[in-house]
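Please read the following points with the structure open beside you, and look up each residue as it is named.

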Amino acid sequence: MYDDEDLAEIREATAEWETETLEPVLDRFGERQDRFATISNLEVDRLYTPEDVADLDYLEDLGFPGEEPYTRGPYPTMYRGRTWTMRQFAGFGTAEETNDRFHYLIEQGQTGLSTAFDMPTLMGLDSDDPMSIGEVGKEGVAVDTLRDMEILFDGIDVGEVSTSFTINPSAPVIYAMYVALADQQGVPREAVRGTLQNDMFKEFIAQKEWVIPPEPSLDLVTDVVEFSTEETPKFHPISISGYHIREAGSTAIQELAFTLADGFGYVEDAIERGLDVDEFAPRLSFFFNCHNSFFEEIAKFRAARRIYAHVMDEWYDAELAESKRLKFHTQTAGQSLTAQQPINNVARVTIQALAGVLGGTQSLHTNSFDEALALPSEKAVRVALRTQQLIAEESGAADIVDPLGGSFAVEALTDETETRTMRYLEQIREMGDGSVRDGVLTGIDEGYFLREIQEASYEYQERVERGEEVVVGVNEYTIEEDTSPEILHVDEEATTKRQLDRLEAVKAERDDDAVEESLEALREAIDRGENTMPYIVDAVKTYATMGEIMAVFEDVYGAYTEQIGLA
């Protein structure tokens with residue numbers, strides 16, 4: 001972007017500025033600290049100049065929005081055409097309570113639903129399982145059978161709304177229920193829109209929720225990809241999720257590298273299954289965290305698009321633009337929220353949300369200020385949603401496509417993020433003897449990801465303890481008064497009783513022979529190596545329970561126990 005003569009002149013002028021302008025101020029006043037770094041401990045310079053981006057090729061490295069390598073955005077008009085989808089995570093208690101919250105959010109202007117499930121549902125257990133005691137409806141909605149799904153979306157046309165489901169080990173069952181619900185409502189399957197998280201690699205890497213071992217879990221993920229490609233072409237079958245990797249304590253670069261590795265692993269598995277990359281890749285989506293280091297996060301999102309475009313082209317021979325166009329959902333950082341002075345979280349979330357928007361997100365969830373204390377109250381959810389609406393409607397941030405593009409600092413950070421991320425990706429690929437998928441599986445088996453994240457998390461906490469990282473209201477600017485807001489309380493006893501009563505009624509009313517036949521058909525399909533999704537859809541339509549269906553997989557493949565640290 002600058003010729004050698006320009007750079008020499010800038011270099012000379014920079015040296016002169018340092019001597020004549022900067023050094024006298026440093027000698028007299030110094031700076032706040034000896035070293036400045038992001039939350040990920042990536043050191044940042046005092047000043048960035050054209051010399052920091054001297055190797056940048058505008059057309060090759062940046063280009064234009066909507067064109068490869070998509071650094072400046074996946075679409076040409078971005079938010080001037082329409083704003084990002086505003087999704088507020090919702091789910092608690094029973095299906096009735098969550099249905100009420102869905103309707104409330106839609107009335108408040110939310111443009112997409114995002115569903116949280118309770119722990120038993122996430123783990124493929126029924127509410128009446130002994131392991132579910134004390135957890136029914138506690139951190140999300142309880143879904144045992146298709147009956148719960150019917151109530152959850154009562155009064156909501158699944159042909160009109162886009163719904164995201166944050167669920168992994170039992171994701172195929174929830175997806176099957178949604179497909180069955182669409183069939184009930186008379187909505188053509190090709191009209192069904194939404195996103196299923198369905199990302200088992202990140203579960204073994206970070207969140208640690210699983211039912212069966214990694215390899216059969218991967219088979220089940222690819223079953224969903226294959227089925228959705230044929231049956232629900234507008235539905236995103238995987239939301240490859242770095243969010244939980246970051247919440248586990250990774251750096252921003254680890255989050256990006258490990259998430260992209262997971263995504264490329266799924267691509268390789270689907271290709272090996274016989275799918276054409278351009279048939280399924282356009283419907284892959286990603287899910288990233290957005291933390292407090294404003295410019296680092298923006299650089300991360302821009303680097304993600306550029307890496308993805310190059311790798312999908314060069315490693316996997318993708319031809320369609322849509323196969324190389326990375327789209328992602330963003331959620332503000334849950335781990336950044338504090339129980340101390342929780343109203344401060346409104347400011348944190350605003351900063352993070354703005355970084356997501358300036359980084360070009362397609363969908364955004366803003367955390368509620370009270371989430372360090374409990375499930376969010378209606379008031380807190382409304383403030384979180386209004387935060388997005390203020391950014392969209394009042395800040396002007398949505399009016400310019402990639403407004404920070406060309407910033408010396410942002411472009412330099414984008415380049416550095418890309419370089420460091422590619423080092424990780426090449427290392428993971430090498431671990432798999434040329435296969436990213438096998439490298440991820442090896443990394444899970446050998447505890448590679450666990451060690452990397454634990455080390456980063458430990459180092460960050462040490463910096464907090466030493467006061468090198470300021471957490472406002474926690475290790476600086478503390479106060480003694482109680483600042484706890486009113487929080488949402490879920491009546492555990494009433495919720496559990498209501499859910500167990502419904503589950504008992506469903507079991508009493510259903511055709512037990514049809515249930516057994518559907519479960520046996522599923523088992524036989526697994527044994528034959530067939531795609532299991534058609535059989536799961538058939539099973540949920542008989543009102544087979546979540547636990548009954550997942551038990552078939554566990555019976556066939558066995559349970560999984562992580563071996564790291566047990567030897």
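1. Arginine 11, at 42% relative accessibility, counts as partly exposed, because buried is under 20% relative accessible area, exposed is over 50%, and partly exposed lies in between (1.4 Å probe, protein chains only). Arginine 11 forms a salt bridge with glutamate 51, with 2.7 Å between the closest N and O atoms; a salt bridge here is a side-chain nitrogen of Lys or Arg within 4 Å of a carboxyl oxygen of Asp or Glu. Since arginine 11 lies in helix α1 (residues 4-29) and glutamate 51 in the loop between α1 and α2 (58-62), the pair ties together parts that are 40 residues apart in sequence. Glutamate 51 is also partly exposed, with a relative accessible area of 35%.

2. A word on the basis of these values: this is a predicted model, in which local features need pLDDT of at least 70 and side-chain atom pairs count only at pLDDT 80 or more, while totals for chains, interfaces and linings use all residues. Residues are numbered from 1 along each chain as its sequence is written, and side-chain values use heavy atoms, with hydrogens and water left out. Helices (H or I, at least four residues) and strands (E, at least two) are DSSP runs, numbered from the N terminus.

3. How many salt bridges are there by this rule? The count comes to 41 salt bridges. One of them joins the side chains of arginine 147 and glutamate 509 (3.6 Å, N to O), and this pair links distant parts of the chain, with arginine 147 in helix α5 (residues 146-152) and glutamate 509 in helix α19, 362 residues apart. Arginine 147 is partly exposed at 25% relative accessibility, whereas glutamate 509 is exposed at 55%.

4. Aspartate 183 forms a salt bridge with lysine 541, the closest N and O atoms lying 2.8 Å apart. This pair, too, links distant parts of the chain: aspartate 183 is in helix α6 (residues 171-185) and lysine 541 in helix α21 (residues 533-541), 358 residues apart. Aspartate 183 is partly exposed, with a relative accessible area of 28%, and lysine 541 is partly exposed with 39%. Elsewhere, salt bridges that share partners join Arg72, Arg302, Asp402 and Glu411 into one network.

5. The structure holds 29 aromatic pairs, where rings of Phe, Tyr and Trp (its six-membered ring) pair if their centres lie within 6.5 Å, and planes under 30 degrees apart count as stacked, over 60 as edge-to-face and the rest as tilted. Phenylalanine 204 and tyrosine 560 form an edge-to-face pair, 5.2 Å centre to centre with 85° between the planes. Because phenylalanine 204 lies in helix α7 (residues 200-207) and tyrosine 560 in the segment after α22 (546-557), the pair ties together parts that are 356 residues apart in sequence. Phenylalanine 204 counts as buried at 3% relative accessibility, and tyrosine 560 is buried with a relative accessible area of 19%.

6. Phe102, Phe117, Phe153, Phe165, Tyr175, Tyr178, Phe227 and Phe235 form one aromatic cluster. Among the helices, α8 (residues 214-231) can be checked by its length: at 1.5 Å a residue its 18 residues should span 26 Å, and its end C-alpha atoms are 26 Å apart, which agrees; the expected span is 1.5 Å times one less than the number of residues. Helix α8 is mostly covered, as 14 of its 18 residues are buried.

7. Two details of the backbone deserve a careful look, given that most residues other than glycine have a negative phi, and most peptide bonds are trans. A cis peptide bond joins glutamate 68 and proline 69, with omega about 5°, and proline 69 lies in the loop between α2 and β1 (85-90). Lysine 208, in the loop between α7 and α8, has a phi near 70°, a positive value in a residue other than glycine.

8. Where does tyrosine 477 lie? Tyrosine 477 is in the loop between α18 and α19, and it is exposed, with a relative accessible area of 61%.
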